[in-house]
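Work through the exercises below with the sequence and the model in view. Try each task before reading its solution.

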Amino acid sequence: MRSWSDLMEVAPIPLWRRCVMAIVAIALAGVVLHGWIAMGLVSRGDDLLRGGQQDRALTFYARAVWFDSGWEVPADRFAFAASLTGQRVLLEQGVALTSAHLARHPDSYNVRWDRALCLLHLHRRQEAFADVERLARMRRSDWRMNDMAFRIALSLGHVNEAREFARFARPT
């Protein structure tokens, strides 16, 4: 029969088993808490963006998109920060990121607006007009969006669309 002291003896856990348990715990936390992690990354990106560090903020927004691709805020903020930089590569990444989000959530107003901003910076006015046109028709009460659609339609030479949006632009 085993003594009481033998029963109370704790065998050390091998290092490989501890590492496996730690990896599983981290993976499980990432799966369960992915929304909270994404929220923290967006918050950190916002702090950096307010501090004028757009490049670092973009990194945090991209990580937040990776953690929670269904949430519109990281894609929205990434495209907005990319439009502030004016760098072609970042603008293209912003368009790609927002397009991927809009493929899953086509009625996302803020993401569509920021994609239009990136497209305007890239001088792709026809694509930007398609986004702004849809936004203006979604919210007729938003006179600023209708004004933007009016101005882009005029620059593209779309007179009929410009007339349509002029009725809802700039309240008198």
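Contact means heavy atoms within 4.5 Å. The model is predicted: local features need pLDDT of at least 70, side-chain atom pairs count only at pLDDT 80 or more, and totals for chains, interfaces and linings use all residues. Residues are numbered from 1 along each chain as its sequence is written, and side-chain values use heavy atoms, with hydrogens and water left out.

**Exercise 1.** Find what Asp147 touches, not counting residues up to four places away in sequence.

*Solution.* Start in helix α9, where Asp147 lies. Helices are DSSP runs (H or I, at least four residues), numbered from the N terminus. Asp147 touches Ala169 and Arg170. Its relative accessibility is 11%, so Asp147 counts as buried. Buried means under 20% relative accessible area, exposed over 50%, partly exposed in between (1.4 Å probe, protein chains only).

**Exercise 2.** Check the span of helix α7 (residues 109-121).

*Solution.* The expected span is 1.5 Å times one less than the number of residues. Just after α7, His123 takes a positive phi of about 60°.

**Exercise 3.** Decide how enclosed α7 is, and name what covers its buried residues.

*Solution.* Count first: 10 of the 13 residues are buried, so α7 is largely enclosed by the rest of the structure. Among them are Tyr109, Arg112, Asp114 and Leu117. The cover includes α5 (72-85), α6 (88-104), α8 (125-138) and α9 (143-156).

**Exercise 4.** Is Trp36 buried or exposed?

*Solution.* Locate Trp36 in helix α3. At 61% relative accessibility, Trp36 counts as exposed.

Methods
Helix = DSSP H or I, 4+ residues; strand = E, 2+ residues; numbered from the N terminus.
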